[in-house]
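Biologist: I would like to learn how to read a protein structure. Can we take one feature at a time?

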Amino acid sequence: MDWLDALQHLRAAGAPGVLATVTEVRGHAPREAGAKMIVAETASWDTVGGGNLEATVVERARVLLATGATVPETLTFALNEHAPVEHGRQCCGGVVSVLLEPQGARPAVAVFGMGHVGHELARVLSRLPLHLHLVDSREGQLDASRLADVTDGTAQVHLHHSPVPENVLAGLPAGAHVLIMSHDHAEDFVLCDAALRRDDLGTVGLIGSRAKWARFRQRLRAEGHAESTVDRITCPIGLPEIPGKAPAVIAISVAARLLQDLAGAPVAVPAGPGRPSETIESVT
């Protein structure tokens with residue numbers, strides 16, 4: 001496959017890569033400006049010119065991948081017999097600059113429940129570079145016309161209608177972030193139980209009041225989950241400093257908190273009893 005197909009392949013697989021582009025050529029060189037290649041952890045596609053130039057590009061790209069780098073960098077190569085090399089000499093006589101642009105793996109986010117809040121949240125998240133999984137046990141909630149304002153965004157949207165949504169949860173990729181806000185508290189509980197039976201998810205959030213979470217916590221402990229395991233679920237969700245119960249307001253609050261989690265930023269400490277988000281319930 002060519003570099004563009006390879007980039008799409010990596011995105012679909014949720015894998016990172018580095019896009020290498022020849023940005024400048026002075027004199028003779030094996031490839032022209034604009035030539036591109038993709039470098040992944042164990043494979044590469046297309047070429048920026050072979051030889052020491054390309055071997056060095058691949059080597060450096062994999063260092064960027066290993067360190068999780070996000071900032072692009074430029075390498076410049078003198079293609080003559082006097083230039084220091086590690087992978088064989090290239091004597092074309094020119095000078096080549098190559099831009100390395102890390103392409104991070106797109107995070108996976110799953111929203112269980114496409115009611116009013118879920119739809120508003122999906123609308124916000126669809127504008128971000130994500131794998132966005134939208135799940136509902138009610139087929140009509142995932143109708144294409146209803147979600148037209150979601151599926152035309154930047155995110156790669158995956159629709160899952162299933163009368164047994166916990167099966168969808170079981171099939172999510174490792175590291176996926178899960179947000180539970182179905183129309184049915186019984187369904188919410190089953191999803192919480194299923195999420196805790198996986199130890200490889202990212203964050204798990206449950207929409208609901210403090211009273212709902214107290215009941216769920218007790219029932220989850222009765223199902224055999226340790227206290228520390230139950231603590232992996234965040235309830236209520238969202239940022240406490242954003243007040244309001246309108247679906248769009250809740251969605252913005254939840255999306256903002258998720259962005260903090262994705263960035264690894266510190267999360268605000270919840271305020272005491274009575275903060276607005278403690279009384280949020282799903283609106284279906």
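Biologist: Which residues in α6 meet which residues in α7?

Modeller: First, the ground rules. This is a predicted model, where local features need pLDDT of at least 70, side-chain atom pairs count only at pLDDT 80 or more, and totals for chains, interfaces and linings use all residues. Residues are numbered from 1 along each chain as its sequence is written, and side-chain values use heavy atoms, with hydrogens and water left out. Contact means heavy atoms within 4.5 Å. Helices (H or I, at least four residues) and strands (E, at least two) are DSSP runs, numbered from the N terminus. Now your case: from α6, His185, Asp188, Phe189, Cys192, Asp193 and Leu196 meet Lys212, Arg215, Phe216, Arg219 and Leu220 of α7.

Biologist: How many residues of each class are in the contact of α6 with α7?

Modeller: Ala, Val, Leu, Ile, Met, Phe, Trp, Tyr, Cys and Pro count as nonpolar; Asp, Glu, Lys and Arg count as charged; the others, Gly among them, count as polar. Here there are five nonpolar, one polar and five charged residues.

Biologist: At what angle do the axes of α6 and α7 cross?

Modeller: Two packed helices are described by the angle between their axes and the distance between the axes. Axes are lines fitted to C-alpha atoms, for helices over the stretch in contact, and angles run from 0 to 180 degrees between N-to-C directions. The axes of α6 (185-196) and α7 (210-222) cross at roughly 50° and come within 11 Å. That makes α6 oblique to α7. Angles under 35 degrees count as roughly parallel, over 145 as roughly antiparallel, 65 to 115 as roughly perpendicular, and the rest as oblique.

Biologist: What is the order of strands in the open sheet?

Modeller: Two strands pair if DSSP finds at least two bridges between them. The six strands run β8-β7-β6-β9-β10-β11, with parallel pairing. β8 (156-161) and β11 (233-234) each have a single partner strand, so one side of each is left without a neighbour in the sheet.

Biologist: Which strands does helix α3 touch?

Modeller: Helix α3 (116-125) packs on the sheet and touches β6, β7 and β9. Its direction makes about 160° with that of β6.

Biologist: Where does Pro107 lie?

Modeller: Pro107 is in the loop between β5 and β6. Pro107 has 28% relative accessibility, so Pro107 counts as partly exposed. Buried means under 20% relative accessible area, exposed over 50%, partly exposed in between (1.4 Å probe, protein chains only).

Biologist: How far apart are Pro107 and His131?

Modeller: They are 24 residues apart in sequence and 6.1 Å apart in space, C-alpha to C-alpha.
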